[in-house]
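The entries follow the order in which I looked things up.

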Amino acid sequence: MFARPSGPWMNLCLLAVFVLTIIFSISTLVYERRDLPFTCRTWADCGFLERPSYKHDIPANLDVVVDQGKSHDDTTFYTREILKLPQPNLLILIVSKDSGSWGSDAMSSGRTPADLIDMLIRTDLDFTSVSIGILTTDRTEFDAIKKATEALPFARASIYLQQPDENRPEGSSHAITGDDSAAYIRRASIARARNYLMLRTVRDEAHLLWIDADIVELSEGLVQRMMHQANSNPHVGLLTARCKLRSEDSDYDTKAWRIHREGEEGEGGASRTASSEDVTDGEAAQREYEGMLGAVGLARQSSAAAELRDTREQAGELLDGTAAGGDDSALVPLDSTGATILYIRSSLVLRGVTFPPFNVVGTLWDHEGWTGMETEGICYMAKRITGKGCYLLGGSNYVRHADLGTTVS
């Protein structure tokens with residue numbers, strides 16, 4: 001009864017259907033699915049993995065108290081606290097600038113505060129024993145963070161909105177470290193922001209955890225293992241873990257390092273020693289070169305900073321091919337840490353350990369030090385104020401950084 005269509009128009013229609021089918025197939029493999037968390041938005045990344053769900057019981061009839069307004073320093077704040085809960089044991093802290101701070105992966109749009117919450121859900125922490133504090137400089141992000149944290153029973157959520165801080169004290173020096181002026185100002189500003197959030201937020205939590213805004217994945221059990229290590233080892237003050245990108249052998253966080261000690265094996269198994277040209281008259285009497293572990297005079301600070309950059313051992317070097325690299329419970333001593341992931345025993349903060357907003361190592365009355373700003377100085381402070389050290393977790397412990405991001409550490 002009906003004639004079957006034929007001719008060039010039919011061929012064009014079939015071609016169009018074929019082309020659209022190909023485009024749709026490619027898009028499902030490349031572009032994000034917005035109903036899934038950031039780490040699994042592309043089909044190529046994780047197939048049909050479901051969005052994480054919070055598995056702990058939420059107490060009924062929660063007694064929630066909200067406080068918001070402006071503090072005396074013109075900081076806008078919002079706090080949400082659940083009453084009649086046991087004192088939270090862990091405080092998680094994040095500093096962000098704006099929507100770009102959350103980072104993004106290749107073939108995916110940028111992350112949001114909701115993606116941060118998804119990542120925290122995957123840690124399997126009971127949020128009724130967790131406080132969270134976040135500082136931002138963007139009003140839209142401030143509102144988005146409030147909304148994201150309201151969905152789950154954090155014992156206390158503290159959100160702060162501040163104007164960007166890009167001031168630099170007069171007379172400060174940064175040339176020795178190799179930082180340009182913009183980098184120096186940025187790191188000093190970040191240190192002040194970290195200190196503000198940390199000191200404003202910490203109460204009686206035993207454990208404090210910094211996570212950079214553009215960290216997208218934590219290895220299974222990492223947070224719990226950090227707290228366990230601190231509880232089991234009184235000498236531990238701060239802990240970090242290797243930070244990588246998608247590549248298994250990548251080493252993203254260049255601020256986590258250890259100074260090479262005299263007598264330690266260097267490349268090729270040879271012990272590293274200094275040439276006689278590096279020894280000053282005052283040091284010659286010691287018959288031994290102390291390097292960066294001893295006092296560094298003003299005349300040698302620039303060369304010491306250059307030597308430190310050339311000889312320090314990064315997290316990957318301390319783990320790859322070593323016993324610690326295969327031991328999840330291994331603790332490797334560090335002289336400096338980053339804050340892509342950073343555990344701090346909160347008692348250190350209560351005793352004055354903070355992020356130096358200037359180069360603290362080698363500081364004189366009229367001269368700034370030659371290294372040790374922000375995260376690179378907090379281990380130095382912790383050792384001298386409390387006697388506790390910084391350590392790198394070995395084995396399979398890691399965090400993953402977004403492919404594209406604006407990490408603050």
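I began with pairing: two strands pair if DSSP finds at least two bridges between them. Helices (H or I, at least four residues) and strands (E, at least two) are DSSP runs, numbered from the N terminus.

I noted the basis too: this is a predicted model, where local features need pLDDT of at least 70, side-chain atom pairs count only at pLDDT 80 or more, and totals for chains, interfaces and linings use all residues. Residues are numbered from 1 along each chain as its sequence is written, and side-chain values use heavy atoms, with hydrogens and water left out.

**Entry: the sheet**

I looked up Ile215 and found His401, in strand 15, as its bridge partner. Strand 7 and strand 15 (residues 398–401) run antiparallel and share 3 bridges. They belong to an open sheet of 3 strands, in the order 7-15-9, with mixed pairing. Strand 7 (215–218) and strand 9 (242–244) are the edge strands, each pairing on one side only. On average, neighbouring strands here are turned by 30 degrees against each other, direction ignored; the axes are lines fitted to C-alpha atoms.

**Entry: aromatic pairs**

I wrote down the rule next. Rings of Phe, Tyr and Trp (its six-membered ring) pair if their centres lie within 6.5 Å; planes under 30 degrees apart count as stacked, over 60 as edge-to-face and the rest as tilted.

How many aromatic pairs does this rule give? The count comes to 4. Tyr160 and Tyr196 form an edge-to-face pair, 6.2 Å centre to centre with 85 degrees between the planes. Tyr160 is in strand 5 (residues 156–161) and Tyr196 in helix 5 (residues 181–201), so their pair ties together parts 36 residues apart in sequence.

I then checked Trp210 and Phe355. Their ring centres are 5.7 Å apart and their planes at 85 degrees, so this pair is edge-to-face. Trp210 lies in strand 6 (residues 207–211), while Phe355 lies in the loop between helix 10 (346–350) and helix 11 (375–386), so the pair ties together parts 145 residues apart in sequence.

Is Trp210 buried or exposed? Trp210 counts as buried, at 0% relative accessibility (buried is under 20% relative accessible area, exposed over 50%, partly exposed in between, with a 1.4 Å probe and protein chains only). Phe355 is also buried, at 0%. Tyr160 is buried at 4%.

I also found a cluster: ring pairs link Tyr54, Phe127 and Phe154.

**Entry: charges over rings**

A charge sits over a ring if NZ of Lys or CZ of Arg is within 6 Å of the ring centre and within 35 degrees of the ring normal. I found the charged end of Arg194 over the ring of Phe355, 5.4 Å from its centre. Arg200 lies over the face of Phe77, 5.8 Å from the ring centre.

Key: Axes are lines fitted to C-alpha atoms, for helices over the stretch in contact, and angles run from 0 to 180 degrees between N-to-C directions.
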